[in-house]
Amino acid sequence: MTLVLVETDATGATETSLETLTFARGVAARSDSAALEAIMVGPLSPDVSDHVLDQMREQGVAVVHHAEGGQLSAYAAAAWAAAVVETATSSSTRVVMAAGTPRGSEVMAHVATRLQVPMAANVVAADETQPLVVSRQVMGGSVLEEMRLDGDLAVLTVAGHSTSARPAEEPTEPKLVTFEPALTDADLVARVVSIEESEKADTAGLTNARVVVGGGRGAGSAEGFADLLELADLLGGALGVSRVVTSLGWRPHHEQVGQTGSRIAPDLYVACGISGAIQHWAGCQSAKTILAINTDPDAPMVTKAHYAVIGDLHEIVPAINEELRRRQAHPA
Amino acid sequence: MTNVLVCIKRVPETSGQILLAADAMSVDARHVGYTVSAHEECAVEAAIQIASATGGEATVLSLGSGDSVEQIRDAVAVGCTSAILVEADGERFGPGDVASAIAEVVTTHEAADSAFDLILVGNDAADTGDFQVGVRLAYALGRPVLTGISTVEVVDGAAVARGDGPDGTEVFRLPLPAVIAIQEGGITPRYPSIPGRMKAKRTAVETVAASVQPAGSGRVGLKLPPTPPSAVEILGEGAAAAPAVVDLLVTLGVVSS
């Protein structure tokens, strides 16, 4: 079988988990054991659990394994990995995968180490299935590595937003199997002991936003973001920034889009004063439409964009905001 | 007193144009230069802060060719007090091989009564992006491990680490010895001082040969994703383009007309 670790949030399975299931379905269909199974770890409310089962049905999942029990109430990567390994080794599993999120990457690293097999991170395509040969993003997404995973079992993570989630042609009636994994004390040493409130909600807003307004060095200063924040607000979107902006202390790190920040896939990305270095492109290349606003018509962000306006963002963005407000006040 | 080992990797700069070597098995970085990942710069800073707060030592380690001494000296220049080069052909080492080779050095040091209480690595290397050396190293040494950690301090002999989680900042408390993979975001690396640079030049680098027989990374080859020709539509120049931009927003369904 092909086993996918599914992460959940307050509403159900996360978008990147659904993308991973879609990817896994493609791999499973091309290999000798086509069964697609999913595993979730930790407590779930009945509402979320029901919704996840609906989502799994749409994704064509045959069996949903749910590891629970008091010891799994707080996140511990080693305990999650123990649950995944117990499931994977209880039947003939060819591939174990998760989304390339912080948690997915962490758990899969534990799983691969426990199973003593290689792990491929940030996979975007499975080129062959016997043996498994994958293409994965390296060098911040600017280079693809073809990697062969020898052995009976392969572990991988799927690069976020490299594929989109699509329902299966034939929905399934997934069987729910609840179990309490066998854990050792060592599995629980590195576990969350408390959660502090943070601006994390903003990060979730950024990664899920339909519209993201991006600001780079061209913003010029911390104060230079006022117009961009207003544009994001008018469009009901979120602000994202390039690495130089957080390095200079103009905006907080949780707003950073890129190789060492968030990966976004909005319907529209308005990149203002951002040159489009690889570090940043790695995080925004999955946007469906990119509008670049830049003084340099030869900047990579402009040449890679779908649309561009050439000029100073401090003149252009206020004019856009003004036009938006004017049309809101006087709809056509 | 907490002795910290911080592991770094010499990688090509990604800010310039990326070229592949003729055999497409590696990146040709001759013209772009080398650096370490942003995560590792933060890990080095964390190591220095913890060592200085507890009266311990911060040791920097890199696995690779002799050229990696350049990155090792950069870490000494900002405050690491000793340095280890694990000499190996890094291109032939997969993440499991790197972890085994580092574990060997740690075990040797432990036997010589110079144990490392805390090992810090970057969350993922800037070139291969494997996301696993820290975890594999921890299992090889039988120590607990965390990844994606933004800040870490040692309180009452335990590592208190914080990282972004889905519901807020997650707090962990690990008994030492432990391995922690640091992610950029919570620690600001310092710049080297002139005296720091001078000291770095003089600091001896302990060089050991990796005895691990590498299993390899499974790399078949590298390729550059095709760059489609630019299809950008210029909507206009300056503030005069604003109506065209808003028309586009309407067409895209981002705002209602």
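Which residue in S15(B) is the bridge partner of A:Leu144? In S15(B), that partner is B:Lys223. The model is predicted, so local features need pLDDT of at least 70 and side-chain atom pairs count only at pLDDT 80 or more, while totals for chains, interfaces and linings use all residues. Residues are numbered from 1 along each chain as its sequence is written, and chains are lettered from A in the order in which they are written.

**Where chains A and B meet**

- Chain A places 66 residues in contact with 65 residues of chain B, contact being C-beta atoms, placed from the backbone, that lie within 7 Å.
- On the side of chain A that touches chain B, the largest share, eight residues, comes from helix H10 (residues 313-329) of chain A, where helices are DSSP runs of H or I with at least four residues and strands are runs of E with at least two, numbered from the N terminus.
- Strand S7 (residues 143-149) of chain A and strand S15 (residues 219-223) of chain B run antiparallel and are joined by four bridges; strands pair if DSSP finds at least two bridges between them.

**Helix H2 of chain A**

- The buried residues of H2(A) are A:Val52, A:Gln55 and A:Met56, whereas A:Pro46, A:Asp47 and A:Asp50 on the other side are exposed (buried: 20 or more other C-beta atoms within 10 Å of the residue's own; exposed: 12 or fewer; partly exposed in between; C-beta atoms placed from the backbone).
- Cover for the buried residues of H2(A) includes helix H1 (15-30), strand S2 (36-41) and strand S3 (63-67) of chain A.
- After H2(A) comes A:Gly60, with a positive phi near 80 degrees.

Methods:
Contact = placed C-beta atoms within 7 Å.
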